[in-house]
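Thanks for coming, everyone. I'll keep this short. Please have a look at the model on the screen.

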Amino acid sequence: MRMAEKNIARAMPIGSLSDRTGVKVETIRYYEQVGLLPQPERSEGNQRRFGRVHVERLAFIKHARDLGFPVDGIRALLRLSDNPGMACDEAHAISVAHLDDVRHKIARLRSLEKELERIAATCSGGVTACDCKIIEALADHGQCRNHAH
C-alpha cells in the first residue's frame, strides 16, 4: 500500500470529522472555502478524507470562534501558528483588539439593558392599541434616552 493510500485509510469522511469535533458539516465546508482548513486528500472515489491535522486545526478554529474571534483574526492567528519561529507580537495585538471589541459590546449591551429596563418599567398593563408605553417607545426612537442616529 502506498503512503497516500495509508493516510486515506486512516482518514475520515466529513461526517466523522463533524461527529468527532462537534462542528457542523456545513461549517467545516465553510472553513474550507474561506481557507481556514487545508484541502483534504481525496479517495479513489473522489471523497474528501480528513486526518489528524484537520482535527487539530478545527479544534483551534472552534476554540477561537467560541471566544468570539472573527474569521480574519483566526486566519492571522493560524498563519502565526503555522510559523512557530515568528514573534507573538501580532497574536498579542489581535487578542488585544478583540478584547477591546468585546468590552465595547459589553458596554453597549449594558446600555441596552438599562434602556429596556426603563421602557419595560413604563408598562402599566393597559391595552396595546391605546396606551402601551412600550409600543410608543419602540415606535419613536426619540423617546430613548441614549438614542444615536
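One term before we start: a residue is called buried when its relative accessible area is under 20%, and exposed when that area is over 50%. Anything in between is partly exposed. Also keep in mind that this is a predicted model.

Let's begin with helix α4. It covers residues 52-66, which makes 15 residues. From first C-alpha to last, α4 reaches 21 Å. That is close to the 21 Å expected at 1.5 Å a residue.

Which residues of α4 are buried? They are His 54, Val 55, Arg 57, Leu 58, Ile 61 and Ala 64. And what covers them? The cover includes three helices: α2 at 14-21, α3 at 25-33 and α5 at 71-82.

After α4 comes Gly 68. Its phi is positive, near 90 degrees.

Now α4 against α5. Two packed helices are described by the angle between their axes and the distance between the axes. Here the axes come within 10 Å. They cross at roughly 140 degrees. The crossing of α4 past α5 is right-handed.

Who meets whom? On the α4 side we have Arg 57, Phe 60, Ile 61, Ala 64 and Arg 65. On the α5 side, Val 71, Ile 74, Leu 77, Leu 78 and Asp 82. Two of those α4 residues, Arg 57 and Ile 61, were also on the buried list.

Next, the loop between α1, residues 3-10, and α2. Pro 13 is found there. Is Pro 13 buried or partly exposed? Partly exposed, because its relative accessible area is 29%. Setting aside residues up to four places away in sequence, Pro 13 touches Arg 48, Arg 49 and Phe 50. Take Phe 50. In sequence, Pro 13 and Phe 50 are 37 residues apart. In space, C-alpha to C-alpha, they are 6.1 Å apart.

Last stop, the aromatic rings. The count comes to one aromatic pair. The pair is Tyr 30 with Tyr 31, ring centres 5.9 Å apart. Their planes sit at 50 degrees, so the pair is tilted. Tyr 30 is partly exposed, with a relative accessible area of 38%. Tyr 31 counts as buried, at 7%.

That's my tour. Over to you.

Notes. Residues are numbered from 1 along each chain as its sequence is written. This is a predicted model: local features need pLDDT of at least 70, side-chain atom pairs count only at pLDDT 80 or more; totals for chains, interfaces and linings use all residues. Side-chain values use heavy atoms; hydrogens and water are left out. Helices (H or I, at least four residues) and strands (E, at least two) are DSSP runs, numbered from the N terminus. The expected span of a helix is 1.5 Å times one less than its number of residues. Buried means under 20% relative accessible area, exposed over 50%, partly exposed in between (1.4 Å probe, protein chains only). Contact means heavy atoms within 4.5 Å. Rings of Phe, Tyr and Trp (its six-membered ring) pair if their centres lie within 6.5 Å; planes under 30 degrees apart count as stacked, over 60 as edge-to-face and the rest as tilted. Axes are lines fitted to C-alpha atoms, for helices over the stretch in contact, and angles run from 0 to 180 degrees between N-to-C directions. A crossing is left-handed if the near helix is turned anticlockwise from the far one by less than a right angle, and right-handed if clockwise.
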